[in-house]
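Here are a few friendly notes to read alongside the model. Take the points in order, and keep the 3D view open as you go.

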Amino acid sequence: MKLLLAFTAVVAVCLAVPIDERSAAIVKYENDHRGLGGYNVAYETSNGISAAEQAHLKTIGSEAAIVVQGRFSYTGADGQVYTVNYVADENGFQPEGAHLPRA
């Protein structure tokens, strides 16, 4: 029983040790570029950061513009996971997140 308690305490301490941000590794990476047709990019790191972004061309009148949609998330110093979803198009950069102020 004492051995089990000691083992549990060691595991708890190890899990509580913060990850050194400089040693974070990329654990997932996807990159699909379609030339002028747009792209899809996504990644995740071992310290809990993730992001994904898609883009495509859009015709606005006689002009072509790129429209980007994406999201990123990370764990803040307070331990909370923050996520931002966004669109960037002819109306500018439009982020949304539960922690962001609204107009």
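1. Buried residues (under 20% relative accessible area, with a 1.4 Å probe and protein chains only) make up 17% of the 103 residues in the chain. This is a predicted model, where local features need pLDDT of at least 70 and side-chain atom pairs count only at pLDDT 80 or more, while totals for chains, interfaces and linings use all residues. Residues are numbered from 1 along each chain as its sequence is written, and side-chain values use heavy atoms, leaving out hydrogens and water.

2. The chain has one helix and six strands; helices are DSSP runs of H or I with at least four residues, strands are runs of E with at least two, and both are numbered from the N terminus. Starting at the N terminus, the order is α-β-β-β-β-β-β.

3. Now look at E1 (residues 26–33) and E2, which run antiparallel and are joined by seven bridges; strands pair if DSSP finds at least two bridges between them. Asp32 has Asn40 in E2 as its bridge partner. Five residues lie between the strands of this hairpin, where Gly35 takes a positive phi near 60 degrees.

4. E2 and E3 also run antiparallel, with six bridges joining them. Tyr39 stands opposite Ala55 in E3. Their hairpin has four residues between the strands, and Gly48 in the turn has a positive phi of about 90 degrees.

Notes: Buried < 20%, exposed > 50% of the residue type's maximum accessible area, 1.4 Å probe, protein only.
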